[in-house]
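This report describes selected local features of one protein model. The sequence and structure come first, and the notes follow.

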Amino acid sequence: MISKIQQSHFELPAYIYLRQSTMGQVHHHQESTGRQYAFKNKAQEFGWPMENIQVLDGDLGISGTQMSNRKDFKRLVADVSMNKVGAIFSLEASRLSRSCADWHRLIELCSLTDTLIVDEDGCYNPADYNDQLVLGIKGTISQAELHYIHARLQGGKLNKAKKGQLRFALAVGLCYDEEKCIIKDPDEQIRSVISLVFDIFEKTGSAFGVVQYFAKNDIKFPRRAYGGIWKGKIIWGKLTHSRVLCILKNPFYTGTYVYGRRKHKKCILEDGTVHTKLHAVDASQWEVLIRNHHESYISWEQYLENKKKLQQN
């Protein structure tokens, strides 16, 4: 391992690259963070002086699936391309990248600038064919792990959803009781305002008509705060057109438990970065639909009729 390190490598800095995918991992998996920071000791053992070791920890809490939002990884790639790095130390290949495109680009640059890559398993010279082959396999496995992790998580969530037990943030007017079952909000004022939305829509036939009625009669509408010191609190304010649409299109108000109403869709932005956003799918594509799961505000038939009116509008 040490035989691959030449004097020319010691003349350039050793970069210790740290990364964990989420801030939750940073806060709760501190053993992993500590092991990554400890890699600077390995660089010292190999012969790099402390003043010539740079720790890049700006990407802690950021996913390695793409390069665009990782400033330290961008800096690492730039410095390697300008032949400013003697060796890259990382606990494992997945810390550097979960994308084969970014991983192989880094390997190619390292091979051109004679930069070594060191992980927990050994020291690799990307200019050497055998080492390059091993690094390529590590990168492929790192990206494949994402698929397996995602499949396991989704499988577990779907299995729980099929039993109607998967919990997520509920729309205002619905909440969980002590036994984690969905119930109507115990607050009578909240229940009455939600029911009023459906009643006025039935009379006016339009979401905008509901907004006008609430504004004309100065009726406030509740919303639940998410995040911060107000997390979980009910805040009363002006009813908006978009919120009326969300209420009318939400099947949970019919006492129906649904999973898979929205899917992640990837799109490529003008700058070439990949952006993921949620979009609604047709009811025929919902993965789970359990009728009469909890107490309702309106019937399923009324829900379908409301959606039909909205489409006509």
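The model is predicted.

**Surface patch.** Tyr129, Leu133, Ile137 and Ile141 make up a nonpolar patch on the surface, and together they have about 430 Å² of accessible area. Ile137 belongs to helix H8, which covers residues 129–162.

**Thr256.** The loop between helix H11 (241–248) and strand S10 (257–259) contains Thr256. The relative accessible area of Thr256 is 1%, so Thr256 is buried; the limit for that class is under 20%. The side chain of Thr256 makes a polar contact of 2.8 Å with the side chain of Thr254. Beyond its neighbours within four places in sequence, Thr256 is in contact with Pro251, Leu289, Ile290, Arg291, His294 and Trp300.

**Positive phi.** Lys180 is a residue other than glycine, yet its phi is positive. Asn292, also not a glycine, has a positive phi as well. Lys180 is placed in the loop between strand S6 (174–176) and strand S7 (182–184). Asn292 is in the loop between strand S13 (288–290) and helix H12 (300–312). The values for these residues are listed here.

| Residue | Phi | Relative accessible area |
|---|---|---|
| Lys180 | Lys180: near 65° | Lys180: 55%, exposed |
| Asn292 | Asn292: about 55° | Asn292: 71%, exposed |

Lys180 counts as exposed because its relative accessible area is 55%, and the class requires over 50%.

Definitions and conventions
Residues are numbered from 1 along each chain as its sequence is written. This is a predicted model: local features need pLDDT of at least 70, side-chain atom pairs count only at pLDDT 80 or more; totals for chains, interfaces and linings use all residues. Side-chain values use heavy atoms; hydrogens and water are left out. Patches are made of residues with over 30% relative accessible area and no salt bridge: like charges are joined within 9 Å, nonpolar side chains (Val, Leu, Ile, Met, Phe, Trp, Tyr) within 5 Å. Accessible areas come from the Shrake-Rupley method with a 1.4 Å probe; for residues, only the protein chains shown count as cover. A salt bridge is a side-chain nitrogen of Lys or Arg within 4 Å of a carboxyl oxygen of Asp or Glu. Helices (H or I, at least four residues) and strands (E, at least two) are DSSP runs, numbered from the N terminus. Buried means under 20% relative accessible area, exposed over 50%, partly exposed in between (1.4 Å probe, protein chains only). A polar contact is a pair of N or O atoms within 3.5 Å; within protein, one must be able to donate a hydrogen and the other to accept it, and residues adjacent in sequence count only if both atoms are side-chain atoms. Contact means heavy atoms within 4.5 Å.
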